[in-house]
Amino acid sequence: MAKISGKTFVVTGGAGFIGSNLSGVLVGGGSRVIAYDNLSSGKLKLVESLLNNKNFKFVRGDLLDYNRFSRLCKNERPDAIVHLAANPEVKKGLKDTKLDLMQGVVATYNVLEASRLNDIKGILFPSSSVVYGNATEKPTPETYGPLKPVSLYGASKLAAEGYISAFSSLYGMDSYMYRLANVVGNNLTHGVIWDFITKLKKDKNTLNVLGDGTQKKAYIDVFDCINAMLYIYSKPGSSGSIYNISSDDQISVGSIARMVIERFSRKARIRYGSGKTGWNGDLPNTFISNRKLMDSGFKMRYRKSKDVIEAALSCF
Ligand SMILES: NC(=O)c1ccc[n+]([C@@H]2O[C@H](COP(=O)([O-])OP(=O)(O)OC[C@H]3O[C@@H](n4cnc5c(N)ncnc54)[C@H](O)[C@@H]3O)[C@@H](O)[C@H]2O)c1
């Protein structure tokens, strides 16, 4: 990819699920990467294979430590920041209501302010399909509104989009925002597949599912997601854009549960919960449109959510 080779990227959350895979893709594509991560949910072992590469540097640090992060930006002078660090779990914000405000909004403000003061011109940001809330139009296009998230995680993503848009407009930054479906695949450390496999390791006979299993969502393979992000970044004229990144269809939680037991513990019985949602703030039916992405010419490896899940299960 022309716009990647020879560039320097700071990747916040670079030791996380998406960040570790992205760091590998960027270094493999000829970029220099500085991964900045506080290891709150990330793991150093996910980037172990990169640690001896001269084009990769890991820095353990917190984005809420503004001075440290700003110093790093001043010293490294990246071409762009890929800002992945955040609380990744919607559920966590239910108990700690300040979590998404700090990790999603204040941390994003710190990234933007450090970019402004150090003249860093590019920011790539993964927002989420949850900003659409219980959208009435499906598949939901990027133009859908009003956006009414139903979780604090979703609220923080929408607020972060607003800050990025305003900083970009005021200070001439190039921004690329992506509303991601559920991302799965290599190095997965959280989410429904990981939860199911972890539960089956503890009890091979029963798989407890949150909700009645009818919740339907769309999925995307982590490498398709990363390649789509970089494809848009490399596309002339796409600065300031928002793209949904998703496969073509949805799959139910019940179907995923059946696929997981088929592969890992055939004798297990699935025990469903009673509600239509897995937890308060969960969305029972999300389906974002990938039309804008596909019309841009991007080619995806796995277009069906079922194939995306199969590929992710084969990574365990
Ligand atoms: N995985 C998905 O399905 C999905 C879907 C939509 C959006 N996203 C977004 O993509 C991004 C990456 O998600 P992920 O699935 O890789 O999650 P992840 O938890 O694996 O990665 C997040 C990383 O950020 C780090 N981090 C968190 N707070 C930090 C802070 N204050 N300072 C420094 N580092 C910090 C964590 O240690 C972790 O390594 C997140 O912003 C997430 O909201 C993910």
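Around the ligand sit 29 residues, and Gly 13, Gly 16, Gly 42, Ala 86 and Pro 88 come nearest. A residue is near a molecule or strand here if its C-beta atom, placed from the backbone, lies within 6 Å of it. Helices (H or I, at least four residues) and strands (E, at least two) are DSSP runs, numbered from the N terminus. H1 gives the most, with three residues. By class, the shell has 14 nonpolar, 13 polar and two charged residues. Ala, Val, Leu, Ile, Met, Phe, Trp, Tyr, Cys and Pro count as nonpolar, Asp, Glu, Lys and Arg as charged, and the others, Gly among them, as polar.

The model is predicted: local features need pLDDT of at least 70, side-chain atom pairs count only at pLDDT 80 or more, and totals for chains, interfaces and linings use all residues. Residues are numbered from 1 along each chain as its sequence is written.

Stay with H1. Its 12 residues reach 17 Å from first C-alpha to last, close to the 16 Å expected at 1.5 Å a residue. The expected span is 1.5 Å times one less than the number of residues. H1 is mostly covered, with nine of its 12 residues buried. Buried means 20 or more other C-beta atoms within 10 Å of a residue's own, exposed means 12 or fewer, and partly exposed is in between, with C-beta atoms placed from the backbone. Among the buried residues of H1 are Phe 17, Ile 18, Leu 22 and Leu 26. Gly 30 follows H1 and has a positive phi, near 95 degrees.

Now the domains. An automatic or database domain assignment sets the bounds. It gives domain 1 (8–183 + 220–245) and domain 2 (185–218 + 249–285 + 301–313). Their centres, taken over C-alpha atoms, are separated by 26 Å. In domain 1, 22 residues are in contact with 18 residues of domain 2. Contact means that two C-beta atoms, placed from the backbone, lie within 7 Å. On the side of domain 1 that touches domain 2, H1, strand E9 (216–221) and helix H7 (222–234) each give two or more residues. That side divides into 11 nonpolar, six polar and five charged residues.

Helix H8 (residues 253–264) comes next. Its 12 residues should span 16 Å at 1.5 Å a residue, and its end C-alpha atoms are 16 Å apart, which agrees. Val 253, Ile 256, Ala 257 and Val 260 are its buried residues. They lie on the same side of H8, because they cover an arc of only 100 degrees around the axis. The arc is that of the directions from the helix axis to the C-beta atoms. An α-helix has 3.6 residues a turn, so residues three or four places apart point the same way. The cover over the buried residues of H8 includes helix H6 (192–202), strand E8 (206–209) and helix H10 (305–313).

Thr 214 lies in the loop between E8 and E9. It touches Ser 252, Gly 254 and Lys 276, not counting residues up to four places away in sequence.

Last, the backbone. Most residues other than glycine have a negative phi, and most peptide bonds are trans. Leu 39 has a positive phi near 60 degrees. Arg 77 has one near 50 degrees. Arg 77 counts as exposed, because it has 11 C-beta neighbours inside 10 Å. Cis peptide bonds join Lys 138 to Pro 139 and Gly 145 to Pro 146.
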